[in-house]
Each structure stands twice: as C-alpha cells, then as structure tokens.
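Please look over the notes below with the model open beside you.

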Amino acid sequence: MLEMHVRSDPAAIRQPAVSTVRRAAAVTGLVALALAMPGMATAGAPCRPVENLDSILRPATTLLLGELHGTRESPAFVLDVACHAAQADLPVVVGLELRPEGQTRVDRFLDSQGTDEDRVALLAGPTWQASYQDGRNSQAMYELIDGLRRLRSTGARVGIALFDASGAGGGQQR
C-alpha cells in the first residue's frame, strides 16, 4: 500500500502525521497524497504529464490512490503526482506500506546524495531483506523512494512516512 499525505504545517514535514497515515491505511490498497500549504519553489526536471491533476492538487488536501503491490505503474504514478505537487509548491508526505522500523533508513536516504553506498545502506534494512516478498520491496518501490529523494534534493518539501496496515509487521496474512 502506498499513501501520500501532505501536512498543513510545512515546517513539520519531517515528522509526518503517522496516526493520520495509519487511519487512512485502514482502507486496503490505498495511496494517499496529502498536500499542505504552499512552500518553497522546486527546481529540476519537468514532471511527466498527468491529465487533470491541477484540478485536485490543492493545499491541505489528502489524495488517496489505490494500488496493487508489485506493479511498476503505481509507484511511478505516485512519483509523478508528487512531482507535480512539489512543482506547485505543495509540501508532500508519501505514506508507504513498508515496515515502520525502516523509517530511520529511509530518512537518511532522503537526505543523502543517493550514492551506491547510500543505496546499499537503505536496502540493507529488514524491509528489503525479508524472505517473504509481496511487491512492497520491489525495484519500482526503490525507484519511487529514490525519485522522492531527488525531488527533495532540488529543495522540494518531500517526506516519507512508513506504516504497516496489517498491524503484525510482516503483512503475510493478507
């Protein structure tokens, strides 16, 4: 499950509203994109086009998107939406249904240069090393996280909040 949540307090972007993320995660297969109040402008490459997106990208909005684990399209679309939100000066928190104990690794990676060493450090975490693979720890999910890191490196206010909708830590009971 992917969820994007943008906070109404741009200064708090580094401490996502995890309780809000968990509440929204109670609906299986959601992506939530929450948009906060306008923040700083974003430089960088243009975003890939997403039709009719400007009509729903508004400050203090939560956008829920459904997804299936293991697809390439869902994480790519979330990155496209996050890119457009960032270019509209809207801070973004993307909620990802990944093991919450990996939050520190993800935060470090978001603040990194994205070197091979940074990538290895991220992927050494339990989320990526689990014996049970259900698509949440796919190459496409890594590319989403790395894309959000790149957006953040341009000055965009982009964060990630990890949550486990299963409540059991592994998600195998799904």
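1. Basis. This is a predicted model, in which local features need pLDDT of at least 70, side-chain atom pairs count only at pLDDT 80 or more, and totals for chains, interfaces and linings use all residues. Residues are numbered from 1 along each chain as its sequence is written, and side-chain values use heavy atoms, with hydrogens and water left out.

2. Helix 2 and helix 6. Helix 2 covers residues 73-87, and helix 6 covers residues 139-153; helices are DSSP runs of H or I with at least four residues, numbered from the N terminus. Their axes lie 9 Å apart at an angle of about 15 degrees, which makes helix 2 roughly parallel to helix 6. Axes are lines fitted to C-alpha atoms over the stretch in contact, and angles run from 0 to 180 degrees between N-to-C directions. Angles under 35 degrees count as roughly parallel, over 145 as roughly antiparallel, 65 to 115 as roughly perpendicular, and the rest as oblique.

3. The contact of that pair. Among the residues of helix 2 that meet helix 6 are Pro75, Val78 and Leu79, and the helix 6 side includes Met141, Leu144 and Arg150; contact means heavy atoms within 4.5 Å. By class, this contact has 10 nonpolar, one polar and two charged residues. Ala, Val, Leu, Ile, Met, Phe, Trp, Tyr, Cys and Pro count as nonpolar, Asp, Glu, Lys and Arg as charged, and the others, Gly among them, as polar.

4. Helix 4 and helix 6. Helix 4 (residues 116-123) packs on helix 6 at about 125 degrees, with the axes 12 Å apart. That angle makes helix 4 oblique to helix 6. Arg119, Leu122 and Leu123 of helix 4 meet Gln139, Tyr142 and Ile145 of helix 6. This contact of helix 4 with helix 6 has four nonpolar, one polar and one charged residues.

5. Helix 3 and helix 4. The axes of helix 3 and helix 4 come within 9 Å and cross at roughly 165 degrees. The two helices are therefore roughly antiparallel to each other. Arg105, Val106 and Phe109 of helix 3 make the contact with Asp118, Arg119, Ala121 and Leu122 of helix 4. Its residues divide into four nonpolar, no polar and three charged.

6. Cavities. How many cavities of 30 Å³ or more does a search of the whole structure find? The search finds three. A cavity is a set of points, on a 1 Å grid over the protein atoms alone, where a 1.4 Å probe fits but cannot get out. The largest cavity holds about 50 Å³ of space, a volume being the space filled by probe spheres set on the points.

7. The lining. Residues lining the largest cavity include Arg105, Val106, Leu122 and Trp128; a lining residue has an atom within 4 Å of a point. Helix 5 (126-129) and helix 3 (103-110) each supply at least two lining residues, and helix 5 gives the most, with three. The lining has six nonpolar, three polar and one charged residues.

Terms used:
On a 1 Å grid over the protein atoms alone, a cavity is a set of points where a 1.4 Å probe fits but cannot get out, and a pocket is an open set with protein on both sides within 12 Å along at least five of seven lines; lining residues have an atom within 4 Å of a point.
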